[in-house]
Amino acid sequence: MNAGDSATAELLLQRVLMADPRNAEALMRLGQIAMERGRAGEAVELTGRAARLERRSGDRHWAHATALVAAGRFEDAIKAYRRAVLASPENADLHNNLGV
């Protein structure tokens, strides 16, 4: 995604959140954009909200763990990776991420 597309996506996703603050998909996507732009702290907050809204989603916990790693919060990231594995035990990639 180029910078213009990313900026447009960010604006649209923010509008989605204004209409529905509990939209986990929009929160996660905004967190990914924040990560791409080097805003790890913001990504942690956004992906954390998404993970809390969808506790049974391994993908949401994985995104949160990834943001925590980028923010240098390794102990918290391990906990988030463990939650991801518990939510999606069949996902080998999540087990691998926890092992690395």
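Author: A residue counts as buried under 20% relative accessible area, as exposed over 50%, and as partly exposed in between, with a 1.4 Å probe and protein chains only. The model is predicted, so local features need pLDDT of at least 70 and side-chain atom pairs count only at pLDDT 80 or more, while totals for chains, interfaces and linings use all residues. Residues are numbered from 1 along each chain as its sequence is written, and side-chain values use heavy atoms, with hydrogens and water left out.

Reader: Why is Asn96 called partly exposed?

Author: Asn96 has a relative accessible area of 47%. Asn96 belongs to helix 6, residues 92-99; helices are DSSP runs of H or I with at least four residues, strands are runs of E with at least two, and both are numbered from the N terminus. Between the C-alpha atoms of Asn96 and Tyr81 there are 9.7 Å, for 15 residues of sequence separation.

Reader: What makes Leu30 count as buried?

Author: The relative accessibility of Leu30 is 4%, which is under the limit for buried residues, so Leu30 is given that label. Leu30 sits in helix 2. Beyond four places in sequence, Leu30 touches Glu10, Leu13, Gln14, Leu17 and Leu46, where contact means heavy atoms within 4.5 Å. Leu30 and Ala65 are 35 residues apart in sequence, and their C-alpha atoms are 15 Å apart.

Reader: How do you know that Met28 is buried, and which residues does Met28 contact?

Author: Met28 has 7% relative accessibility, so by the limit above Met28 is buried. Met28 is also a residue of helix 2. With neighbours within four places in sequence left aside, the contacts of Met28 are Ala50, Asp59, Arg60 and Ala63. Arg15 is 13 residues from Met28 in sequence and 14 Å from Met28 in space, C-alpha to C-alpha.

Reader: What makes a set of residues a nonpolar core, and which residues form the largest one?

Author: A nonpolar core is a set of buried Ala, Val, Leu, Ile, Met, Phe, Trp, Tyr and Cys residues joined through side-chain atoms within 4.5 Å. The largest has 12 residues: Ala9, Leu13, Leu17, Ala24, Ala26, Leu27, Met28, Leu30, Ile33, Leu46, Ala50 and Ala63. At least two residues of this core come from each of helix 1 (3-19), helix 2 (24-36) and helix 3 (40-53). Helix 2 gives the largest share, 6 residues. Apart from this core lies another, of 9 residues, including Val44, Ala67, Ala80 and Tyr81.

Reader: Why is His64 called buried, and where is His64?

Author: The relative accessible area of His64 is 10%, so His64 counts as buried. His64 is in helix 4, residues 58-70. Neighbours within four places in sequence aside, His64 contacts Val44, Thr47, Gly48, Ala51, Ala80 and Arg83.

Reader: How do you know whether helix 3 is roughly parallel or antiparallel to helix 4?

Author: Two packed helices are described by the angle between their axes and the distance between the axes. Axes are lines fitted to C-alpha atoms, for helices over the stretch in contact, and angles run from 0 to 180 degrees between N-to-C directions. The axes of helix 3 and helix 4 come within 8 Å and cross at roughly 160 degrees. Angles under 35 degrees count as roughly parallel, over 145 as roughly antiparallel, 65 to 115 as roughly perpendicular and the rest as oblique. Helix 3 is therefore roughly antiparallel to helix 4.

Reader: What residue classes make up the contact of helix 3 with helix 4?

Author: Helix 3 contributes Ala40, Ala43, Val44, Thr47, Gly48, Ala50 and Ala51, and helix 4 contributes Arg60, His61, Ala63, His64, Ala67, Leu68 and Ala70. The classes are 9 nonpolar, 4 polar and 1 charged. Ala, Val, Leu, Ile, Met, Phe, Trp, Tyr, Cys and Pro count as nonpolar, Asp, Glu, Lys and Arg as charged, and the others, Gly among them, as polar.

Reader: Why are helix 2 and helix 4 called roughly parallel?

Author: Helix 2 and helix 4 pack at about 25 degrees, with axes 11 Å apart. That angle is under the parallel limit, so helix 2 and helix 4 are roughly parallel. Ala24, Glu25, Met28 and Met35 of helix 2 meet Asp59, Arg60, Ala63, Thr66, Ala67 and Ala70 of helix 4. By class, this contact has 6 nonpolar, 1 polar and 3 charged residues.
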